[in-house]
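Welcome! Have a look at the model below, and then we will walk through it together.

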Amino acid sequence: MDISTTTQHKPKQHKYIWLTAGLMTFALLVFWLNSPSIPTLKTAELETATVQQGPLDIKIPVLGEYASRYERLISAPETAQVTEIFIRAGAEVTPTSIIAKLSNPDLDQQLFESQSQLERMHSEFAAFKLQKQNEQLNFQAELADMQSQIQAAQLDVDVNQRLAQQGIAAKIELERAELRLSQLQKRLQFAQYRFEKQQEMHKLELEQQQIQLNQQQKQVTLIADKVANLTVTAGIEGTLQQLDIELGQRVSQGQAMARVGSKSQLMARINIPQRLAERVQLGAQVNLKHPQGAFSGTVQQLGSVVENGFIIAEVYFSEGTPANLRPAQPVNALVFLEHLENALYIAQRPGLSPLGTQPLYKKTAQQAQLTLTQVRFGELSEQYLLIHSGLKVGDIVITSDLSQWHNFSQLALDNDKL
């Protein structure tokens with residue numbers, strides 16, 4: 001090998017190496033100058049929450065209102081005119097409290113005529129009864145007369161028998177007396193049979209008259225009840241919730257006039273979101289909030305009609321309720337949906353949105369950086385927010401508003417004491 005040739009090539013190789021290293025250093029310097037720097041946050045100013053795992057009851061917050069458990073709709077009993085109004089909506093009532101009075105002159109006239117007809121029928125029935133009694137007395141008199149004739153005929157037979165035995169009277173006279181006695185006895189039997197049939201017929205006639213009398217009495221009672229119903233009463237104890245009539249107004253039969261609801265026996269009507277309707281079961285526990293203390297109830301009825309995205313559920317209370325509850329007062333409640341044995345959840349903080357996906361920073365394993373991640377939340381159950389994806393148990397999540405830094409996938413911390 002030519003030593004001189006080799007020695008000449010070495011300075012060139014060193015020159016190329018130093019040129020390449022200089023270019024790489026320059027490129028790194030340019031990249032460092034042009035790349036954005038990672039912001040550093042003060043740990044003490046950050047609010048955090050730790051992801052937990054364990055059993056969790058899912059309860060959703062709902063709104064609604066208290067309502068009377070028992071309500072009575074008062075309708076117009078007849079076509080009539082409102083002549084008096086005694087109480088207005090909001091008043092407390094008893095079953096006999098008079099709300100209003102109606103007037104119907106035609107109904108008053110019908111009552112007068114039916115009562116007059118009933119009195120006339122009572123008189124006719126009394127006369128008919130006396131007439132039948134008189135007929136029976138006449139017939140009984142005829143029977144008594146026939147019995148007297150039979151006694152006389154029996155006496156003739158006895159006399160003729162003694163005379164015939166002594167040979168004084170002819171046998172023909174005895175036979176004539178016996179024939180007359182036999183005829184009278186047969187007439188008496190037939191008359192007694194007729195009397196029995198007459199009694200049965202009179203009984204049926206009296207029963208028929210009594211039926212007509214009873215029918216007229218029912219007619220009078222029916223019309224009298226209609227007239228009495230023109231005095232409108234509450235019917236139950238509670239509150240007059242609504243009054244739909246005015247003085248002098250003419251109402252039609254069946255027209256709604258008022259509504260009365262119980263005051264002491266209440267329930268709650270709560271609005272269940274349509275998306276959760278299938279998950280709420282009859283008998284589900286409901287916790288109701290009240291300034292005087294929470295109390296509980298159960299879902300006893302679920303509506304089948306969706307209105308404005310909600311169904312109505314009726315909640316009956318399972319324990320004593322506060323004394324100042326009133327119908328139509330608003331109510332806040334929590335409805336039990338399900339129990340999760342191994343749920344992933346986090347304590348609710350301002351800025352965390354249930355039922356959605358949002359970017360949040362969580363602390364990384366390096367303990368000095370925050371990493372942006374997409375977290376999908378589920379239902380909010382009281383103070384806990386269910387986590388579907390994006391986090392694992394033990395993760396520390398920054399709940400402070402860091403939306404201005406969301407263009408950075410990572411953030412630095414001034415220290416690692418979170």
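## The chain as a whole

The protein chain has three helices and 21 strands. Here, helices (H or I, at least four residues) and strands (E, at least two) are DSSP runs, numbered from the N terminus. Of the 418 residues in the protein chain, 33% are buried; buried means under 20% relative accessible area, exposed over 50%, and partly exposed in between, using a 1.4 Å probe and protein chains only. Among the contacts in the chain with a separation of 6 or more, 76% involve residues 24 or more positions apart, where a contact means heavy atoms within 4.5 Å.

Residues are numbered from 1 along each chain as its sequence is written, and side-chain values use heavy atoms, with hydrogens and water left out.

The predictor's confidence in each residue is given as pLDDT, from 0 to 100. Its mean over the protein chain is 83, and 88% of the residues reach 70 or more. Over residues 1–10, however, pLDDT is below 50, and this stretch has one contact in the model beyond near neighbours in sequence. Residues 28–35 also stay under 50, with zero contacts beyond four places in sequence. Where pLDDT is low, the predicted coordinates should not be read in detail.

## Two helices side by side

Follow helix α2 (residues 105–166) and helix α3 (residues 171–229): their axes come within 9 Å and cross at roughly 170°. The axes are lines fitted to C-alpha atoms, for helices over the stretch in contact, with angles from 0 to 180 degrees between N-to-C directions. α2 and α3 are therefore roughly antiparallel to each other; angles under 35 degrees count as roughly parallel, over 145 as roughly antiparallel, 65 to 115 as roughly perpendicular and the rest as oblique.

## A four-stranded sheet

Next comes an open sheet of four strands in the order β8-β7-β5-β10, with antiparallel pairing. Two strands pair if DSSP finds at least two bridges between them. At the edges are β8 (231–233) and β10 (250–251), each of which pairs on one side only.

Strand β5 (residues 80–85) pairs with strand β7 (residues 98–103) over four bridges. Valine 82 has leucine 102 in β7 as its bridge partner, and isoleucine 85 stands opposite alanine 100 in β7. On to the next pair: β7 and β8 run antiparallel and are joined by three bridges, with threonine 233 in β8 as the partner of isoleucine 98.

## A buried isoleucine

Isoleucine 311 sits in strand β15 (residues 310–317). Is this residue buried or exposed? Isoleucine 311 is buried, with a relative accessible area of 6%. Not counting residues up to four places away in sequence, isoleucine 311 touches several residues, including Ile270, Ala277, Leu302 and Val306.

## Two positive phi values

Most residues other than glycine have a negative phi. Leucine 355, however, has a positive phi of about 55°. Leucine 355 lies in the loop between β16 (330–347) and β17 (357–363), and is partly exposed at 47% relative accessible area.

Glutamate 382 has a positive phi too, near 55°. Glutamate 382 is found in the loop between β18 (369–381) and β19 (384–389), and is partly exposed, with a relative accessible area of 41%.

How values were computed
This is a predicted model: local features need pLDDT of at least 70, side-chain atom pairs count only at pLDDT 80 or more; totals for chains, interfaces and linings use all residues.
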